[in-house]
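User: I've got a model open and I'd like to know what the labels on it rest on. Take me through a few of them, please.

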Amino acid sequence: MDGNTVIVPIDGGEARVDVNDLSVRGPVELSAAAATDLGAPGDISVDATRAHWSYPERGLDVTATARDGRLVVDMTGRDDQELAWPVTGAGARDLQLPRGEGLSIPVDDAFWNDPDSGLVGEEGERLQDLTMPFWGYSAGAVGASYLVPTDIGTTLGFSSVDGRLRGTSVHEFSEAKGTGTYTVALSLTDGSPVAAAKDYRALLRQQGGLRTLKQKIAANPDTEKLVGAFHAYLWGDGRTPESMRELEDLGLSRMWLGYDSDEQPMTREAVETATDAGYLVGPYDTFGNAQDPSGEVDNPSSRWPDGVWPGDCVVDENGELEGGFGGRGCYLSSQALAARPDLLASRVTAKVDNGANSYFLDVDATGEVFDDHSPDHPMTQFGDRQNRLDRMGVIGEDLVLGSETVGSWANGVVSFSHGSSTPVMNDLWKLERDKATWGAYWGKNGPATFFKPVELPEKLRAGMFDPKYRVPLYETVLHDSVVSTDRWELSFNKLPSLQTTRALLAMLYNTPLNYTLNAQTIAEEGPRMATMQRFFATIQEAAGTEPMTDFRWLTEDRTVQRTTFGDGALEVTANFGERAFEDADLGAVQPGCVAASIGGEVTTLCP
């Protein structure tokens, strides 16, 4: 103690917490004063490892602890209220944000300081909608990370102050919603662009919250078939035995193949042809939506037996049904479905009776969870998350399970994720609703929305795919746990002008490309796909189940980047620039190329 300052020893120095306003200082400012009026603090009690005090006027109790080299601040709110803290980013050079795979944004970047970027605004983003509940800053050889295990009920917003990004976290204390506690772990880092991700991975491991692919393979050997596999959704005549044989004849050694489980799913013969080739194959399904069976149901996965609609729909705080995605039907309550385990078991069994060995369950592992105000099946968002974990755990026992944009909290029950590689901007949804540009939900051999080539507006190209902003936060945490790809409607063949950049990013991060295929695209794109898959299989064989242990920029303009996996058995260097990069060990890495060093042997791909 030093007056009203609590001094907490942490790795790299000490954190000095001013109990008057919750500002936290050390070698760098970890937080400015809270943006909420706290009132006068009560008495402070201190023992060997922690300090405790309260803010009586707000009904807040606070404990500051030195734990595993971090300052951990635990708060309990006795009344429903909001707290805006920590307030972060002063003196920083770059912001790291786990939107999709991850972004590293110069805090003075004009693009991201513009409100039109969608980052700066009043509402903020729910932490649970990020792929992982943390953020970080770097400033040369020093930085800071912020880990929030209590992500539900917390939002992270950004403002532009004198042309520089500042971040503020806001937590809602609510007894009814189960968000009466709030925990933030603050750390000093070495300033690496992936330092906050390394800190969060360490926390997961310390809490026993990381399950590896090696463990999943031991439990279900089919999971090993993900290693080296590209992913693809099949449509129309791409689902036939002939197309499966064509993929094998092209030399594609590993594939994950999915299909919409409509009235004409893949036949047993087609599935057996795929599995005989060593592929994973499985249906798309969702437990998140129900539509009125007496009307037009636009998605077969939204058709349920009598009684599910509307009885098992989520009910909002006004007593109304929670409308489903795009206003279609309703969101289903996981609490209601938990009372129908036989229904879910029979549904899964029916969808894989063609011999499928995998399953894709949409939305279950994303951040969107619900409070259900139905008196018949009341549920908090925490309960919703646990229900989803429970049912995914059951499905994943026998089938290789994937889900959409898998949050880190679900890594124990899911083996692959479609969407977690994509740092989505809100303008993407507006573009996808423009069917004249994006394509409609019909077509002879698959919906045009998946096959029609699109040129993204510059804003989306920059915010989602510009390599100078991209950083592998998700892979730093989960490369050896969850196989990650881009979203299914952003297939590799959907955005032709971005193919080189996207291929380099995927190979640099050692993650699969995701395609949509029918017989025509297999014929047109198959040879190139096979060439890239052979390179991918090589780097996956070296480190597909190993952690990503390092990431760095090799040039000041960030156009040449390098990743390291495991104990250094694999290094991958990608050149996104316009000039060759000379390296003593690799030689010249040409523009638009990626070089992998495996045990000193160099393999190059120029996609």
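User: What makes the pair of side chains Thr 88 and Tyr 137 a polar contact?

Analyst: The side chains of Thr 88 and Tyr 137 come to 3.0 Å. A polar contact is a pair of N or O atoms within 3.5 Å; within protein, one must be able to donate a hydrogen and the other to accept it, and residues adjacent in sequence count only if both atoms are side-chain atoms. At 3.0 Å, this pair is therefore within the limit. Keep in mind that this is a predicted model, where local features need pLDDT of at least 70, side-chain atom pairs need pLDDT 80 or more, and totals for chains, interfaces and linings use all residues. Residues are numbered from 1 along each chain as its sequence is written, and side-chain values use heavy atoms, with hydrogens and water left out.

User: Why does Thr 88 count as buried?

Analyst: Thr 88 has a relative accessibility of 1%. Buried means under 20% relative accessible area (exposed is over 50%, partly exposed in between, with a 1.4 Å probe and protein chains only), so at 1% Thr 88 gets the label buried. Thr 88 sits in strand β9, residues 81-88. Strands are DSSP runs of E with at least two residues, helices are runs of H or I with at least four, and both are numbered from the N terminus.

User: Which residues does Thr 88 touch, apart from those up to four places away in sequence?

Analyst: Thr 88 touches Leu 30, Trp 135, Tyr 137, Tyr 146, Arg 166 and Gly 167, where contact means heavy atoms within 4.5 Å.

User: OK, next one. What makes Gln 561 buried?

Analyst: The relative accessible area of Gln 561 is 0%, hence the label buried. Gln 561 belongs to strand β29, residues 560-565. Its neighbours beyond four places in sequence include Pro 467, Leu 508, Phe 551, Trp 553 and Phe 576. A polar atom of the Gln 561 side chain is also 2.9 Å from the backbone oxygen of Arg 558.

User: How do you know that strand β28 and β29 pair?

Analyst: DSSP has to find at least two bridges between two strands for them to pair. β28 (residues 548-553) and β29 have five, in the antiparallel sense, so they qualify. Across from Gln 561 in β29 is Trp 553. The two strands make a hairpin with six residues between them, and in that turn Arg 558 has a positive phi of about 70°.

User: And which strands pair with β15?

Analyst: Strand β12 (residues 125-126) pairs with β15 (residues 154-161) over two bridges, antiparallel. Glu 125 faces Leu 156 in β15. Strand β16 (residues 164-173) and β15 are joined by eight antiparallel bridges, with Thr 154 partnered by His 171. β15 and β16 also form a hairpin, with two residues between them and a positive phi of about 55° at Asp 162 in the turn.

User: Why are β1 and β4 said to stand at the edges?

Analyst: The sheet in question is open, with four strands in the order β1-β2-β3-β4 and antiparallel pairing. β1 (5-10) and β4 (29-31) each have a single partner strand, so one side of each has no neighbour in the sheet. Further in, β2 (residues 13-18) and β3 (residues 23-25) share three bridges, and Asp 18 has Ser 23 as its bridge partner in β3.

User: What makes α4 and α5 roughly parallel?

Analyst: α4 (residues 241-249) and α5 (residues 268-276) pack at about 10°, with axes 8 Å apart. Axes are lines fitted to C-alpha atoms, for helices over the stretch in contact, and angles run from 0 to 180 degrees between N-to-C directions. Under 35 degrees counts as roughly parallel (over 145 roughly antiparallel, 65 to 115 roughly perpendicular, the rest oblique), so α4 and α5 are roughly parallel. Pro 241, Met 244 and Arg 245 in α4 meet Glu 269, Ala 270, Thr 273 and Ala 274 in α5.

User: Last one: how do you know that Ser 417 is buried?

Analyst: Ser 417 has 0% relative accessibility, so it counts as buried. Ser 417 is in strand β25, residues 416-418, and its side chain has a polar contact of 2.8 Å with that of Ser 420.
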